[in-house]
Amino acid sequence: MKDGFIAIFVACGSGGEAKRIAETLLKKRLIACANITGAVRSRFWWKGKIDSAREVLLTLKTARANFAKIEKEVKAKHSYDVPEIIAVPIVAGSREYLEWMNDEIC
């Protein structure tokens, strides 16, 4: 199996944006799976003040080795000046699911 898997979280400005990013990454076989979670309310610091936005959360599952390529693709397709691109390690998972991920990712 590949050397470690990660889940990457990307907050998107719309469902359409999340879908476009996911489709690009799937077609390039950089990710095995994408989950698009609708309507999250985000609160954050931006340009010195507290701001808020309605966003869509995109969760991407992939091999750790693909992070740099995914980050580049997300930045190229994302509407935000500074998109959230955060990776966390997948420390455990069902053997069958991890094998499936391994088989689907280039």
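I take a polar contact to be a pair of N or O atoms within 3.5 Å, where within protein one atom must be able to donate a hydrogen and the other to accept it, and where residues adjacent in sequence count only if both atoms are side-chain atoms. I note that this is a predicted model, in which local features need pLDDT of at least 70, side-chain atom pairs count only at pLDDT 80 or more, and totals for chains, interfaces and linings use all residues. I number residues from 1 along each chain as its sequence is written, and I use heavy atoms for side-chain values, with hydrogens and water left out.

**Entry: T24**

I looked up T24 and found that its side chain reaches the backbone oxygen of R20 at 3.0 Å. I place T24 in helix 1, residues 15-27, with helices (H or I, at least four residues) and strands (E, at least two) taken as DSSP runs numbered from the N terminus. I record T24 as buried, since its relative accessible area is 17%; buried means under 20%, exposed over 50%, and partly exposed in between, with a 1.4 Å probe and protein chains only. Leaving aside its neighbours within four places in sequence, I find T24 in contact with E73 and K77, contact being heavy atoms within 4.5 Å.

**Entry: nonpolar cores**

I define a nonpolar core as a set of buried Ala, Val, Leu, Ile, Met, Phe, Trp, Tyr and Cys residues joined through side-chain atoms within 4.5 Å. The largest such core has 16 residues, of which I8, V10, L25, L58, L60, I70 and V74 touch the most other members. I see that strand 1 (5-12), helix 1, strand 3 and helix 2 (67-77) each supply at least two residues of this core. Apart from it lies another core, of 6 residues, including F5, A63, L98 and I105. I then followed V74, which, leaving aside neighbours within four places in sequence, is in contact with V10, I21, L25 and I85.

I find E71 in helix 2 and count E71 as partly exposed, because its relative accessibility is 26%. From E71 to I85 I have 14 residues in sequence and 6.9 Å in space, C-alpha to C-alpha.

I place I90 in the loop between strand 4 and helix 3, where I90 counts as partly exposed at 26% relative accessibility. Its C-alpha atom is separated by 9.5 Å from that of T62, 28 residues apart along the chain. Leaving aside neighbours within four places in sequence, I list F5, I6, A7, K61, L98 and M101 as the contacts of I90.

I also looked up A92, in the loop between strand 4 (86-89) and helix 3 (95-104), and I count A92 as exposed because its relative accessibility is 63%. A92 and F5 are 87 residues apart in sequence, with their C-alpha atoms 9.3 Å apart in space.

**Entry: positive phi**

Most residues other than glycine have a negative phi. I find R29 in the loop between helix 1 and strand 2. A39, also not a glycine, has a positive phi of about 45°; I place A39 in strand 2 and record it as exposed, with a relative accessible area of 61%.

**Entry: largest pocket**

I searched a 1 Å grid over the protein atoms alone, where a pocket is an open set of points with protein on both sides within 12 Å along at least five of seven lines, and where lining residues have an atom within 4 Å of a point. For the largest pocket I note a volume of about 270 Å³, a volume being the space filled by probe spheres set on the points. I list its lining as A11, F44, W45, W46, A53, E55, Y80, D81, V82 and E84. The elements that give two or more residues to this lining are strand 2 (33-46) and strand 3 (49-63), and strand 2 gives the most, with 3 residues. I divide the lining into 7 nonpolar, no polar and 3 charged residues, with Ala, Val, Leu, Ile, Met, Phe, Trp, Tyr, Cys and Pro as nonpolar, Asp, Glu, Lys and Arg as charged, and the others, Gly among them, as polar.

Notes
1 Å grid on protein atoms, 1.4 Å probe; cavity = no way out; pocket = protein on both sides within 12 Å on 5 of 7 lines; lining within 4 Å.
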